[in-house]
Amino acid sequence: MSKIIVPVILCGGSGSRLWPASREQHPKQFLPLVDDRSLLQNTMERALRVANAKPEHLVTVTSANLAGMVREQLSAIDPAAAKHVLCEPSARNTAAAVAYAAVYVRRVFGRGATLWILPADHYIGNEEEMATAFRSAMDASSDGRLATFGIKPTRAETGYGYIRLGPAEFNGVHRAEGFVEKPDLATAQKYVAEGNYLWNSGMFLFSVDTLILEYIKHAGEMLRQVAAAMDKAPDFTQPANDLYDAIPSLPFDKAIMEKSSRVAVVPCNPLWSDIGSWESLWELRAKDVDGNAIAGDAVLHGTRDCLIQGGTKLIACAGVEDLVVIDTGDALLVAKRSDSDSLRSLVKMLKARGYPQTAHMPVMPEVISRAGAL
């Protein structure tokens with residue numbers, strides 16, 4: 001009997017570095033930022049194709065307040081894909097979310113299922129390369145390993161974690177020699193020059209049995225808390241608030257991957273992006289001869305390397321460069337394209353001052369209908 005492959009989409013987060021298009025109640029994974037599908041819908045369809053998985057085997061972990069949008073967007077592609085939507089009462093980071101998915105899959109799909117953990121908001125430009133890496137990761141999973149996908153770096157990036165690449169073992173699979181936090185620029189340049197560091201993509205693949213054993217070994221109390229929260233509620237998809245809220249907030253890398261001796265890494269280059277900022281979206285978008293990525297009604301003169309996304313009004317730019325200009329009807333952002341840290345701080349300031357634009361979208365957000373395609 002063939003293994004059941006269960007793509008698990010992690011669909012949380014607020015995407016504050018893509019404000020004002022992305023907001024707390026309508027974060028970036030629900031937006032059609034690269035084509036006419038949302039990032040969530042593209043992730044779902046890609047996962048099913050690459051893994052040759054069935055829509056009814058898809059599991060999505062999200063927050064209770066986003067569950068309605070998740071079901072709506074998945075059902076628009078295939079109603080069966082919305083069958084297993086797990087609703088976290090509160091965001092407890094990825095270690096709890098993966099543990100929740102593991103316990104659910106073990107109970108619903110049984111022993112021997114394979115989990116493919118995927119963030120909902122990433123972009124993959126080369127699906128064939130992703131499929132090749134997936135097959136190698138399946139081999140690693142069959143060998144009792146926790147497989148992660150390491151992206152070959154194209155620049156000294158300070159916004160990603162890194163994986164130190166160990167020796168090759170079999171069929172494109174390497175030993176992972178360590179995980180490294182987001183480095184400063186000098187350290188990132190050193191990693192790229194050395195050539196044995198990969199970007200940490202946040203995608204993982206393993207059998208549910210192996211994963212459960214690693215949780216028991218390294219995060220047993222968290223696993224127990226997750227199971228207890230599921231047991232107390234009448235529906236596994238809606239765990240008890242009080243018990244789930246008490247779970248520690250830890251990244252999956254910290255709780256499991258950095259401690260496990262079973263970790264393998266598959267180096268790959270599937271033209272991956274986490275679309276974590278306007279800068280990364282500008283890199284993906286088609287551009288004019290002056291390096292400007294334009295969507296909506298915009299007229300530019302003497303303008304270079306800008307991302308312009310129009311909404312309810314004409315945007316006119318003259319004599320500027322390296323800017324992002326985003327109009328959503330109820331908000332207008334003008335910012336340095338590469339400075340996502342300042343934008344994150346700005347959003348925190350707006351939230352502290354009670355601006356509703358940080359949480360809610362306007363009724364008919366123009367940014368949705370006018371999103372530029374690649």
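**Strand pairing and salt bridges in a predicted model**

Q: Which residue in β17 stands opposite Val 325?
A: This is a predicted model. Strand β16 (residues 323–327) pairs with β17 in the antiparallel sense over 5 bridges. In β17, the residue opposite Val 325 is Val 334.

Q: Which residue in the turn of the β16 and β17 hairpin has a positive phi?
A: The hairpin has 4 residues between β16 and β17.

Q: Which strands stand at the edges of the open sheet of 4 strands?
A: The strand order is β12-β14-β16-β17, with mixed pairing. Each edge strand has a single partner, so one side of each is left without a neighbour in the sheet. The edge strands are β12 (293–295) and β17 (332–336).

Q: How many residues apart in sequence are the parts that Arg 111 and Asp 209 tie together?
A: Arg 111 forms a salt bridge with Asp 209, the closest N and O atoms being 4.0 Å apart. Arg 111 lies in the loop between α3 and β4, and Asp 209 in helix α6, so the pair ties together parts whose separation is 98 residues.

Q: Is Arg 111 buried or exposed?
A: Its relative accessible area is 62%. Exposed means over 50%. Arg 111 is therefore exposed.

Q: What separates Asp 341 and Arg 344 along helix α11?
A: The two form a salt bridge, with the closest N and O atoms 3.9 Å apart. Asp 341 and Arg 344 are 3 residues apart in helix α11 (residues 340–352), so the separation is about one helical turn.

Definitions and conventions. Residues numbered from 1 in each chain as written. Predicted model: local features only at pLDDT ≥ 70, side-chain atom pairs only at ≥ 80, totals over all residues. Heavy atoms only, no water. Pairing = 2+ DSSP bridges. Helix = DSSP H or I, 4+ residues; strand = E, 2+ residues; numbered from the N terminus. Salt bridge = Lys/Arg side-chain N within 4 Å of Asp/Glu carboxyl O. Buried < 20%, exposed > 50% of the residue type's maximum accessible area, 1.4 Å probe, protein only.
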